[in-house]
Amino acid sequence: MALTTEEVEKVALLSRLQFTPQELASLTAELGKIVGYVDLLGEVDTTGVEPMAHAIELLNVTQDDQTRSSLTREEALANAPKQNGEGYLVPAVLGD
Amino acid sequence: MSKYTTIVGLEVHVQLATQSKLFCRCSTQFGAAPNTQTCPVCIGLPGSLPVMNREALRLSLRTALAIGCEIPPLTKWDRKQYYYPDLPKGYQISQFDMPMSEHGYLEISDAKDRFETKRIRILRAHLEEDAGKSSHDESAARGDSLIDLNRTGTPLLEIVSEPDMRGALEARAYLDELKLLLTYLGVSDCNMQEGSLRVDANVNLHLDESGERIATPIVEIKNMNSFRAVERAIDYEAIRQYTLWQESRQKIGDVPKQTRGWDDAAGMTRGQRSKEESSDYRYFPDPDLAPVRFSSEEIEKSRNGLGELPAALRARLQSEFGLSLYDAGVLVNQGRELVDYFFAAVGQGAPAKAVCNWVSQEVLRVLKERELGIDAFPISAGQLVDFIAKLESGQLPSSRSREVFDAMHSKNQSADQAMQKLGIEEVDDSALENLCRELLEANPQVVADVQGGKQQAVGALIGQAKKKNPNADPGRVRGICLELIGRGL
């Protein structure tokens, strides 16, 4: 299945990615190949087969509601591009 | 007839009262220092795997059954994808097409009869995770926003109503009833200040335009921090939309759904940044989480354990005990413990109406003044029964009942002790008659006035009677005086 440039532009916007026109062209072709590969699954006849919600037939995997220790703040913030020792710092979130 | 009808649907997010988060075992305790309750799962580090909290499932099932929802045979979790700084994984684990419950209802009524009792249909209730919090502090962070991920992954039950409410009053009644129900169920602390209960409202208008019924575009209102704010926002929005309709003539479908934020200080809604780019959430089943099937035994067990819920309790107080809807509401709204206190008193033989009056007025007044719960109230149900019996028999004059009641709770005395300390004793009929006779003889003008048709003249004697004998009951003094004058002394 071929993807259109518009579809790839939309996915890029949703993913907060910006591409040059050259990148967009090559990505449209590459993504199209990936989607086409997955489309192979469409060749399997699933008439009469109940849809599955999950790849493995497991149900009700749960844990007890008992707290365990969390990461220390230092550990949690260790990989943040920007932080102030208390929290992650990100470009201003304004408007809502 | 109003120019339009305000149509309201509500989405309520309820934070479930679990100890740990929905998919990891970090604490959900409110108020901890920022970013001290997170782990690789809730901050979305690679390679981490979520595992469902069993208690969150139990609480959501309990709530869903209490609002009359059906429980589908299978439920699953989906990823709702959008990018926002308070959502570290880049998606929220929520439920899309197979929610854990659907098709319920909540009945609302108004003790003041401002609207008719009605059922508000509930479309669905689904279990999802909360996001983090962002705060913006110019001075401290030089224009950056600070992200705290402690709340990320806290379990939320989102309860979505159908647009069945007509105006702010019904919306408020729905929220009050839902909050009361959740409190009875013990599934959430419902603390709005701490964000345990969050409400979004979908509002539009229906109007008749030369025989044609027209609906205006739907607006979703966010950022309402109290039930009062929800009422005000709906009222404001209805007027705004009517004014806009007259100018623009835009109907539902002409423009995309708009999101507006409530500004409580300004008392108005404001348009929020358009989110058209994020309206495509590209839901797909979360491959990290196994679907859940509630067994029929589990469902029945949960249903049987719901206990008597507010609506049933109000109905029983009316049918079995003859209380009005208003009185029943006053008791039930205070919580099950107060209703149990009422039951205990009535169970020991006190008349229901008298118990209800004392509980809903004096007991509640004292609890409020002294900031006590009914469990710490010094007057036991048995002592209240004793007190009411003395009052009903006339042993305790009603004019002094409040003194006795106050002594009972403030000095931990029984009714007998309080009456003794206050020198209250029943004045027998002959003593009272002698007292009245004495007063009438000393006040011939009062007798003449009453005989001339001015019965209220007796009032002048009541104060004098109380001075001579503080235990003289004003009602009886009045009655005896009138009777004596009638008999010609």
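Which residue of S8(B) does Leu89(A) stand opposite? In this predicted model, in which local features need pLDDT of at least 70, side-chain atom pairs count only at pLDDT 80 or more, and totals for chains, interfaces and linings use all residues, Leu89(A) stands opposite Leu146(B). Residues are numbered from 1 along each chain as its sequence is written, chains are lettered from A and ligands numbered from 1 in the order in which they are written, and side-chain values use heavy atoms, with hydrogens and water left out.

Helices (H or I, at least four residues) and strands (E, at least two) are DSSP runs, numbered from the N terminus.

The contact between the chains (heavy atoms within 4.5 Å) takes 35 residues from chain A and 52 residues from chain B. About 4,000 Å² is buried between chain B and chain A, 54% of it on carbon and sulfur atoms, where buried area is the accessible area (1.4 Å probe) that two parts lose on being put together, summed over both. Three salt bridges are found across this interface, a salt bridge being a side-chain nitrogen of Lys or Arg within 4 Å of a carboxyl oxygen of Asp or Glu. Lys10(A) forms a salt bridge with Asp280(B), with the closest N and O atoms 2.9 Å apart. On the side of chain B that touches chain A, at least two residues each come from strand S2 (52-53), helix H1 (54-66), strand S7 (133-136) and strand S8 (144-148) of chain B, and S8(B) gives the most, with four residues.

Within chain B, the domain assignment, which is automatic or from a database, gives domain 1 (4-298), domain 2 (308-421) and domain 3 (429-486). The C-alpha centres of domain 1 and domain 2 of chain B lie 39 Å apart, and nine residues of domain 1 of chain B are in contact with 13 residues of domain 2 of chain B. These two domains bury about 820 Å² between them, 70% of it on carbon and sulfur atoms; Ala111(B), Leu180(B) and Tyr184(B) supply 60% of the area that domain 1 of chain B buries against domain 2 of chain B, more than any other three residues. One salt bridge is counted between domain 1 and domain 2 of chain B. Glu177(B) forms a salt bridge with Arg314(B), the closest N and O atoms being 2.6 Å apart.

Definitions and conventions
Two strands pair if DSSP finds at least two bridges between them.
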